[in-house]
Amino acid sequence: MGAICLEVNYHIEDRVLAATLDKEYGIQVESIHFIPMGDSAYSYWVNCSNEERYYLKLFDLNNDRQRMSMERFHYYLPLTWNLFHQRLLQNITYPIKNRSGDFSTTCNEITLVLFNYIQGESLAEAYPFSEDIIEGIAASIAAIHLITPSIDQTTVMAETYDISFDRNLEKCISLLESTLTFDNPSKQALREHVLPKKEQILVLLNLVRKLRLAAMSETHEFKLCHGDVWGGNLIRNGHALYVIDWESAIMAPIEFDLIGYIGEEFDVFFSAYEKHVGKSVAINPDLLRFYSYRHHLRNLTNWLMNILFRNTEDAQNENDLEMILYHCMNRWDRIEPMVREVETNLRRRSGGIQ
C-alpha cells in the first residue's frame with residue numbers, strides 16, 4: 001500500500017517531551033527518536049534509563065486530520081488494552097495507562113498516547129512478500145476475525161460504509177480548477193497532475209457511492225477487523241508476526257481486511273485464511289471494489305488536503321505529492337482486474353467455469 005509518512009517532526013524539544021512523559025507516566029527518558037511513518041500522528045520510539053522502550057504517538061490538536069484520528073481513541077485504545085490483557089491476542093500493540101489511569105494525556109496543544117514497544121523488522125519495505133509472510137499475515141487476520149465472539153462488540157466502532165471525505169475531495173478539485181495562482185511548486189504540480197484525472201476521479205467517486213448503497217441494502221456478517229493490515233503495520237520478530245496501529249479497528253465485513261491481498265498473492269493468502277478459520281468462506285467482490293476504491297480516494301483526499309490546506313513544510317508537500325503520484329493514482333486501473341481475478345479464483349475453487 002505504500003509508506004505514508006510525516007517527514008517533518010513536530011515542533012517540540014525532546015527535553016520538554018521527556019519531562020512530560022516523566023511527569024505523566026513516571027518513566028525516566030534517556031532519548032527520544034522521531035519515526036517518519038504514518039500520517040495520523042507523529043511517531044517516536046522512547047529509550048528509558050532502565051533499558052525499557054516505548055512507542056509514542058503525538059497528536060497535534062491544531063491539525064484537523066490528527067484531531068479526527070483522536071475521535072477513535074475511545075474505541076481502539078480500550079479494545080487493544082483488553083485484547084492483550086485478556087490474552088485474546090498477544091502479538092499486538094496496546095496503550096500504556098498514565099498515572100491517572102487514562103489511555104491518553106493532553107497538555108498544551110498536544111495529546112500523547114504511549115504504547116508497548118515491539119522489537120523487530122517492519123514489513124513496510126518487504127514487498128513483494130514471500131509466501132511464508134503472506135501465509136503469516138493471513139493467519140494473523142484470521143485470528144483477529146475469530147475472536148469476534150469473545151469481545152464486547154458494542155464498544156467497537158461499527159461499519160457505516162462512510163464516504164464523508166467526498167465533500168473535501170470535491171472542494172480540493174474545485175480549488176485546483178479555480179483561477180487562484182499557486183506560488184508553491186507542489187500545489188502547482190497538483191494542478192498539473194490531478195486535474196487531468198478529474199473525470200476518472202468523479203467516475204470512481206460515483207462508483208463508490210453506488211457500491212456504498214448496495215452494501216447498505218444487504219446484510220453482511222460483521223467481524224472484528226484491523227482495517228489497515230499493510231506492511232507498515234506488521235512487525236516480524238523471528239517467526240512471530242505482530243500487528244500494530246489499531247486506529248482503524250472496526251466491526252465490518254471481512255473484505256475490509258482482505259483488500260491488500262487481492263493481487264497475485266490472493267490464492268496463497270485466501271487458502272491460508274480459510275485454513276485458519278477452519279471453513280470455506282464466501283467473499284463479496286463488490287465489497288472488495290468498494291473498500292479498494294474508497295481506500296485510494298480517501299487517501300487522495302487526505303494528501304490533497306495536506307498540500308492545499310495543512311502542510312507548512314516543503315518536505316512534507318513533496319512527500320505527499322509523491323504519495324499521490326506513485327502510491328495512489330497509478331494504482332486505480334489495477335483494482336478492477338484484480339477483483340475480476342478474485343472472482344475467477346473463487347469460481348475455480350467452487351468448481352465453476354473459469
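I137 touches F129, V229, L234, L241, Y261 and F269, leaving aside residues up to four places away in sequence. Contact here means heavy atoms within 4.5 Å. The model is predicted: local features need pLDDT of at least 70, side-chain atom pairs count only at pLDDT 80 or more, and totals for chains, interfaces and linings use all residues. Numbering runs from 1 along each chain as its sequence is written, and side-chain values use heavy atoms, without hydrogens or water.

I137 and Y273 have the most contacts inside the largest nonpolar core, which has 94 residues. Helix α10 (residues 285–310) gives the largest share of this core, 12 residues. Another core lies apart, with 19 residues, including C48, L58, I110 and L114. Such a core joins buried Ala, Val, Leu, Ile, Met, Phe, Trp, Tyr and Cys residues through side-chain atoms within 4.5 Å. Buried means under 20% relative accessible area, with a 1.4 Å probe and protein chains only. Helices (H or I, at least four residues) and strands (E, at least two) are DSSP runs, numbered from the N terminus.

Next, the cysteines. The structure holds 0 disulfides, a disulfide being a pair of cysteine sulfur atoms within 2.5 Å. The sulfur of C328 is 12 Å from the closest cysteine sulfur, in C172, so it is too far for a bond. C328 counts as buried because its relative accessibility is 0%. C225 also counts as buried, at 0% relative accessibility.

How values were computed
Buried < 20%, exposed > 50% of the residue type's maximum accessible area, 1.4 Å probe, protein only.
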